[in-house]
Amino acid sequence: REDSAVRAVRAALAVTREAARGIEIRSGVHTGQITTGSDPSLPDIVGKTSGVAIQLRRCVGYNETAISQETHSIVAGYFDCTSLGTRSLPDASRPVAVFRVDKASGARTRLDAATQLTPLVGRQAELTQLAGWWDEVTQGASHAVLVQGEPAIGKSPLVHAFKLRL
């Protein structure tokens, strides 16, 4: 799933937050390739990605969550994190940049989480058309709008800009 890394970090925070009194939990989340087989009891046959996640948890205190740079680059904006520097981990082929997850930022979508959006350029006609239809809807008309196109042409920023305009 596109949001698997975000879900994993949310789950790690929830587990550490909800730990029963006296139970100390540390969690680590790492994003990487998993090699699987037909045996469901062995979800990561090679174990490298899981091994890094296991080692990451040793970089934080109890009731805290650590993530790798690979995970941080995906979830940045969804969570407030503190860099803990670069560490050499036994299961990693190279030193790993480690971050402690301090808390969820409140962002619910990737547009909310984006620290910097690509500027919307050349879409004034589309914004004007959407605004016109919106005006008609507020007067009682019915409209359905489908925004479609090739990946990365600015569909989400268009909708975001329109939402801000409203």
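The expected span of a helix is 1.5 Å times one less than its number of residues. Helices (H or I, at least four residues) and strands (E, at least two) are DSSP runs, numbered from the N terminus. This is a predicted model, where local features need pLDDT of at least 70, side-chain atom pairs count only at pLDDT 80 or more, and totals for chains, interfaces and linings use all residues. Residues are numbered from 1 along each chain as its sequence is written, and side-chain values use heavy atoms, with hydrogens and water left out.

**Exercise 1. Check the span of helix α1 and find which of its residues are buried.**

Step 1: Helix α1 covers residues 4–17, which makes 14 residues. At 1.5 Å a residue the helix should span 20 Å, and its end C-alpha atoms are 20 Å apart, so the two agree.

Step 2: Now look for the buried residues (buried means under 20% relative accessible area, exposed over 50%, partly exposed in between, with a 1.4 Å probe and protein chains only). In α1 they are Ala5, Val6, Val9, Ala12, Leu13 and Thr16. Look down the axis of α1 and these buried residues fall within an arc of 125°, so they line one face of the helix. The arc is that of the directions from the helix axis to the C-beta atoms.

Step 3: What covers that face? Contact means heavy atoms within 4.5 Å. The cover over the buried residues of α1 includes β1 (26–29), β2, α3 (69–75), β3 (79–87) and β4 (96–104).

**Exercise 2. Zoom in on Ala12: where is it, and what is it in contact with?**

Step 1: Ala12 belongs to helix α1. Its relative accessibility is 10%, so it counts as buried.

Step 2: Skip the neighbours within four places in sequence, and Ala12 is in contact with Ser27, Val29 and Thr65.

Step 3: Ala12 and Ala97 are 85 residues apart along the chain, and their C-alpha atoms are separated by 19 Å.

**Exercise 3. Repeat the helix check for α5, then work out what covers its buried residues.**

Step 1: Helix α5 (residues 124–138) has 15 residues. From first C-alpha to last it reaches 21 Å, close to the 21 Å expected at 1.5 Å a residue.

Step 2: The buried residues here are Leu127, Leu130 and Ala131. Seen down the axis of α5, they fall within an arc of 100°, so they line one face of the helix.

Step 3: The cover over the buried residues of α5 includes α6 (155–165). Now turn to α6: its buried residues are Leu158, His160 and Phe162, and they pack against α4 and α5.

Step 4: Gln124 and Leu158 are 34 residues apart in sequence and 9.4 Å apart in space, C-alpha to C-alpha.

Step 5: After α5 comes Gly140, whose phi is positive, near 110°.

**Exercise 4. Are Thr49 and Ile54 buried or partly exposed?**

Step 1: Thr49 has a relative accessible area of 11%, so it is buried. Ile54 has 42% relative accessibility, so it counts as partly exposed.

Step 2: Now the distances, C-alpha to C-alpha. Thr49 and Thr35 are 14 residues apart in sequence and 9.1 Å apart in space. Ile54 and Val29 are 25 residues apart in sequence and 8.0 Å apart in space.

**Exercise 5. Find the residue with a positive phi that is not a glycine, and the ring with a charge over it.**

Step 1: Asn63 has a positive phi of about 60° although it isn't a glycine. You'll find Asn63 in the loop between α2 (48–56) and β2 (64–68). With a relative accessible area of 39%, Asn63 is partly exposed.

Step 2: A charge sits over a ring if NZ of Lys or CZ of Arg is within 6 Å of the ring centre and within 35 degrees of the ring normal. The charged end of Arg26 sits over the ring of Tyr62, 4.8 Å from its centre.

**Exercise 6. Where is the confidence lowest, and where is it highest?**

Step 1: pLDDT is the predictor's confidence in each residue, from 0 to 100. The protein has a mean pLDDT of 86, and 93% of its residues reach 70 or more.

Step 2: Confidence is lowest in helix α4 (residues 110–113), at a mean of 74, and highest in β2, at 95.
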